[in-house]
Structure formats: C-alpha cells, structure tokens
Amino acid sequence: MNDLSGHPAPTSLTAGLVGLIRGKPVTAADLDAAALFTLDAVANSLAGRNSEPGRVLMNWWQARGASNAAPEPARLAFLMGALCHILETDDLHRESVVHPGCVVVPAAWALAGARGATGRAFLEAVLQGFEAATRVGMAVGPAHYRIWHNTATCGPFGAAMAAASLLGLSDDAAVHALGNSGSQSSGLWQFLETGAMTKHLHAGHAAEAGVNAAELAAFGFTGPPQILEGEKGFFRAACPDADPAAVLRKPDAPWQLVRTSIKPWPSCRHTHPTIDAAAELRARLAADGIAADAIEAVDVSTYAAAIDVCDRPVVQSDYEAKFSLQHTAAAALLFPLVDFEAFGVAARDRCAPLAARVRVHAADPWVSAYPANWGGRVRVRLTNGMELAADRTDAKGDPEAPLSRDEMIEKAAMLLHHGGIENPKPLIDAILGLAASAALPDLTLN
C-alpha cells in the first residue's frame, strides 16, 4: 500500500480497519437497518432543538448566518451531532460504550447532502462509520471510560470513515483521514459535576472532526497511520488497559450497526436495565392492587460503570435526573410511562422521597457480564414486609430485546412532534426509502 506521496505506508491497525470495513458485504437487510438508525438519529437532532441547549445552539447557528445559505458540511455535521445528543434518546453500542448515531449520521448526512449522493451511498457510509467508531471503542478498555467519553474519543474515527466512503477516498487516503480524525479525539466526563452542556459539544465536535479530516485527505493532507497503536498514539495516551486486537477481531461478524441498541427511554442508557426491571415491578404491584406508595425500600444492583456514571441520589435538574439510577428507578415505579415529563420539576418532586430510599451497588452477575450485556436487578420491599424482584440481563431496545420496526417509527414520530414537526410522515417515509432514493430529503434545521 502506498501513501499519498507514493511511498509505502506502514502496516497499521487503521489500515487493517479500513480494509476490513470495505471488504464487508452489504445486504438489503443491512441497508434497511441503516435507514432505521438514520431515522432515529435525524429525529433526535430535530427534537433536540426543543431544549435549553438546543435553543442555545440554534441561536449560535443563526447568529453566524449559517441558516441563510448552504452550510459548510463540517459545520452542519457539528450542529446536527450536538443536537442529536441532547435528549438522551439516541442509540448506544454496548461493547464500545459509544453512541455512534449522533456522530456518524450527522457527518454522513451533511456531506451526502452537499455532494448530492444517492440514498444507498449514504446508507453504506453510515454502516461503515458505525463499524469504525465501535471497533475502535471495543478496543479502548474499561479504564478509558472512567475519564474519557467514548463517543467523543472514538466518534471521530466513525465520522471520518463515513466521510471517506462518500468522498470516494482510496484506502490510503482513508487511512490518513482516520489518522487525523483520531488525533483530534477528546472529551472528558468532568461536565457531569455541574451538568454543563459539554456532552453535546462532544458529539458535534466528533462529527465535524471526521468530516474535516476526510475532506483534507481528499486534497492530499496526510495523517499518522499508526494513530491507534503508535508509541505516541491514542491507545498509549488515553487507554491504560487497551485491547488493540479488538479493532480487527471477528471480521466476518454482522455489521456493528445491527448490534447497536435503541433507547426507548430519554435517559442515560446505563439507567435502562433499572427502568425496565422497575417498570415490570410497577405492573405487578398494580395488578395486585398495591400502590407504589407502599414501597418501603428499593435495592438496585447493576454493573460498576453504571454506578460510576449514574449514582446520583439527589437531582436538581432534568439532566441530572437522566443520569440518576435513584430517580429513574423511582420514576419507573411511580409512573406508567418514563417519558420527557418524568424528568421535569413536578416529576422530580414526586420521585424524590422514593429516590431517597433507593440504594445502588455493583454486583455479579451484572459486573462480570459487562460490557457484552448491560443488566441489573431491582428489588423492592413493601411496608408489609413483602419483597419482589425483577432482573434484566439485557434491557428493552438491546439487540436481544429489540424495538420492533413499528416501535422505532412510533418513537421517531414522537421525537419529530417534540421538535415541532406537525406532520412527520413524509420525512419518515423518505428516510425509510433511502435505499432506492436518488438523493436525501431536504432537512430544515432553522
């Protein structure tokens, strides 16, 4: 293999990743899955405008005059990516702990729209982008996630891979694109202490960085082929227990997009096993005519990463509530539906007394099963001494317990209504029909 100057490029994990991805076959079912995941991401981006961070982003976008002309693809990818990650309802790939949709779909959508790419070319780029982001994510090791936000650090690889596909880059140029996107990997969890808006910036930056890196590679701008495994590369810098072999492991496995989970509830995915189990207990109590107010204590056992990110007994904002095992357990036990309203002021006040009686801890089998499975157990003790428990090896929305096609469409319609689109059906139909479409539908973000 030669680099852009005609010289042999070093063998690298990145070169192997590009070759693996481009050698994978694409079936009609794969394209259909990519269209559904695209629908989810686009709906999240449009819905994200209806939020405090979303309004800030839109004010910034309009102040820059970007809404008055065809926007630069990288800038549009930033906006769409940031908006997509706001409401905590975007997809999540468990083994990598990456939200690929909020990075890959905006990057691919912005570039495909600017270049007039076909729907099929766009969907193939989405498949490739998901694969790159998640394969890098599966290699970073669990210690990385304690400080670094995997979506922010691994996402640029996915955005660059998707962009490289749409730009028709050679394998050599794609390696350079991934090298330069990886050199921009960043994103720290410090924002959790104050509930700052930084998490949304992470997704936007990752999408933008990948597009810029690929576009530069198309002009001959070189990047480090060994960005992952090099002595001064990504793994050495930020991944104390990296597993580099995971990047190329199981090359014949299904596309990682179909191994990605879809969120049915608007909160951190780490809270979903707890919500799922607690909702079952609420239904069982209701069937026996027992009010949730009869619950004296709640015990939540799950895996360590969920505790690290979501052990938050007291919440003071809807955003903090979305990252609280205590609040989400209480909400699922008290409310028939855990929706956006379940995190508002009135819901937080209603849940606070029960949330104060929720104890969380890490325990097996959930600890040992993570990250392949994100599970947990909720046990409640009633005032009469009765105890009930429900387990989840996997949560609703995981590949083992997937949302149906109709449920995904219903979710997208709900998000699009939340984003101010009164009649979402034309957009939904257009996205689901992308495999046979000559171009992407128009998307107005103003």
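How do the residues of the lining of the largest cavity divide into nonpolar, polar and charged? They divide into seven nonpolar, four polar and four charged, where Ala, Val, Leu, Ile, Met, Phe, Trp, Tyr, Cys and Pro count as nonpolar, Asp, Glu, Lys and Arg as charged, and the others, Gly among them, as polar.

The model is predicted, so that local features need pLDDT of at least 70 and side-chain atom pairs pLDDT 80 or more, while totals for chains, interfaces and linings use all residues. Residues are numbered from 1 along each chain as its sequence is written, and side-chain values use heavy atoms, without hydrogens and water.

A cavity is a set of points, on a 1 Å grid over the protein atoms alone, where a 1.4 Å probe fits but cannot get out, and lining residues have an atom within 4 Å of a point. Grid points are joined across faces, edges and corners, and a volume is the space filled by probe spheres set on the points. The whole structure holds two cavities of 30 Å³ or more. Among the 15 residues lining the largest, L92, H99, Y145, W189 and C268 are the closest to its centre.

| Cavity | Volume |
|---|---|
| Largest | about 90 Å³ |

Turning to the backbone, the peptide bonds from D364 to P365 and from Y370 to P371 are both cis, each with omega near 10°. Positive phi values occur at E88, near 60°, and at K250, near 50°.

How values were computed
On a 1 Å grid over the protein atoms alone, a cavity is a set of points where a 1.4 Å probe fits but cannot get out, and a pocket is an open set with protein on both sides within 12 Å along at least five of seven lines; lining residues have an atom within 4 Å of a point.
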